[in-house]
Amino acid sequence: MTKARASLVNLSATPYYHCVSRCVRRSFLCGYDAQSQKSYEHRRAWIETRLLTLAKAFCIDICAYAIMSNHYHVVLHINAKAAQSLTNIDVIDRWLAFHQTPVLIQRFRQGESLSKSEYKACCRIIESWRERLMSVSWFMKLLNQYISAQANREDQCTGHFWEGRFKSQALLDDKALAAAMAYVDLNPVRAGITKQPKQANYTSIKKRVESLKQNKATPAGLFAFAGNPRKSMPDGIPFRLMDYLALVEWTCHKGQERGSNQRPPLLTRLNMSSETWLTTCAHLECGNVVGSLSSIQAVLPTLGLKRMTGVMIPNR
């Protein structure tokens, strides 16, 4: 049974989510369709560009993404602190980057004199936009609607392009976050597109590696790695980038039955056995939540549920 989005995406439970959207009809999202002998590779750039553009406006950070032939994956972080720090003008400018301007907001933006009731109406609108700027549902809506319209124009047809609502998984702890990011970055390897995830186009891991080659810690549009979290450190993914890259490389080699048996440092920090890690990465898309048993049990009261389906990560 389909669940209400509020029971799946809840900032009180976790700010991290793994989202997936898949195509519905035979025509490809991207890639090469052998039956029609037509290439749709250029659509990967549509998605990547739109994804990174939305991230600049929304208070939602992109941790990882992979754009495949008939679907895409993205791991998102809801940045509530950034949303609350925005001024009213900031909220207006960000939201109106993708929408037409209501007359009342235009008058407010231009500093015109407003009645008390008009001012209160403006404030209500702005606060609703502030909430939307940290909404995964609105983020995915503006991404998928844009791509659907582009593809339909190109295919000269109408109708649904996506199979339905995007699928979302709540990532409840560091183990779940690391596994989801690795799962996404290794998608091209599992699909047989490449043997090296760092070489796969339109993926976050390739963008991060290319950024490192240019002596840049974080590429534009992606959430930074903050290292081992401490109170004095800035917001970011709670791992060291090099540790994460080493873990992805090790996981790739293990999946191809080669490579070193040496345990990656990040697995030690996450307190996960090699077997648990590999099993989690192989079956990550099952259910609506990913996390340890204690993490799953802790969020059930928050979501008003007695149980949830998902991937339970056992302790070592």
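Me: Which residues of helix α13 (residues 293–303) are called buried?
Reply: They are Ser-295, Ile-296, Val-299, Leu-300 and Leu-303. Buried means under 20% relative accessible area, exposed over 50%, and partly exposed in between, with a 1.4 Å probe and protein chains only. Residues are numbered from 1 along each chain as its sequence is written. This is a predicted model, in which local features need pLDDT of at least 70, side-chain atom pairs count only at pLDDT 80 or more, and totals for chains, interfaces and linings use all residues, while side-chain values use heavy atoms, with hydrogens and water left out.

Me: What makes the buried residues of α13 line one face of the helix?
Reply: Seen down the axis of α13, they fall within an arc of 145 degrees, so they line one face. The arc is that of the directions from the helix axis to the C-beta atoms. An α-helix has 3.6 residues a turn, so residues three or four places apart point the same way.

Me: Which exposed residues does the face of α13 turned away from its buried side carry?
Reply: That face carries Ala-298 and Pro-301. The buried residues of α13 have a cover that includes β7 and β8. Just after α13, Gly-304 takes a positive phi of about 70 degrees.

Me: How many helices and strands does the chain have?
Reply: The chain has 13 helices and eight strands. Helices (H or I, at least four residues) and strands (E, at least two) are DSSP runs, numbered from the N terminus.

Me: Which residues are buried in helix α3 (residues 88–95)?
Reply: Val-91, Ile-92 and Trp-95 are buried there. Seen down the axis of α3, they fall within an arc of 100 degrees, so they too line one face of the helix. What covers them includes α4 (103–109), α5 (116–132) and α6 (136–155).

Me: In what sense do strand β6 (residues 167–171) and strand β7 (residues 289–292) pair?
Reply: They pair in the parallel sense, over two bridges. Two strands pair if DSSP finds at least two bridges between them, so the two bridges here meet the rule. Val-289 stands opposite Gly-310 in β8.

Me: Why is Thr-14 called buried?
Reply: Its relative accessible area is 3%, which is under 20%, so Thr-14 counts as buried. Thr-14 sits in the segment before β1 (16–22).

Me: Which residues does Thr-14 touch, not counting residues up to four places away in sequence?
Reply: Thr-14 touches Ala-170, Leu-171 and Leu-172; contact means heavy atoms within 4.5 Å. The side chain of Thr-14 reaches the backbone oxygen of Leu-171 at 2.6 Å.

Me: Why is Lys-198 called partly exposed?
Reply: Its relative accessibility is 32%, which lies between the buried and exposed cut-offs, so Lys-198 counts as partly exposed. Lys-198 lies in the loop between α8 (187–190) and α9 (204–213). Leaving aside neighbours within four places in sequence, Lys-198 is in contact with Ile-205, Lys-206, Val-209 and Glu-249. The C-alpha atoms of Lys-198 and Val-209 are separated by 6.8 Å, and these residues are 11 apart along the chain.

Me: Is Cys-63 buried or exposed?
Reply: At 1% relative accessibility, Cys-63 counts as buried. Cys-281, with 6%, is buried as well. Cys-123, found in helix α5, has a relative accessible area of 24% and is partly exposed.

Me: How many disulfides does the count come to?
Reply: The count comes to zero. A disulfide is here a pair of cysteine sulfur atoms within 2.5 Å.

Me: Which residues touch the most other members of the largest nonpolar core?
Reply: Of its 55 residues, these are Phe-58, Ile-62, Val-74, Leu-76, Val-136 and Met-140. A nonpolar core is a set of buried Ala, Val, Leu, Ile, Met, Phe, Trp, Tyr and Cys residues joined through side-chain atoms within 4.5 Å. Apart from this core lies another, of 41 residues, among them Val-75, Leu-171, Ala-179 and Tyr-244. Leaving aside neighbours within four places in sequence, Leu-76 has contacts including Tyr-16, Ile-62, Val-136 and Met-140.

Me: What share of the 316 residues of the chain count as buried?
Reply: The share is 50%. Of the contacts in the chain with a separation of 6 or more, 65% come from residues 24 or more positions apart.

Technical notes. A polar contact is a pair of N or O atoms within 3.5 Å; within protein, one must be able to donate a hydrogen and the other to accept it, and residues adjacent in sequence count only if both atoms are side-chain atoms.
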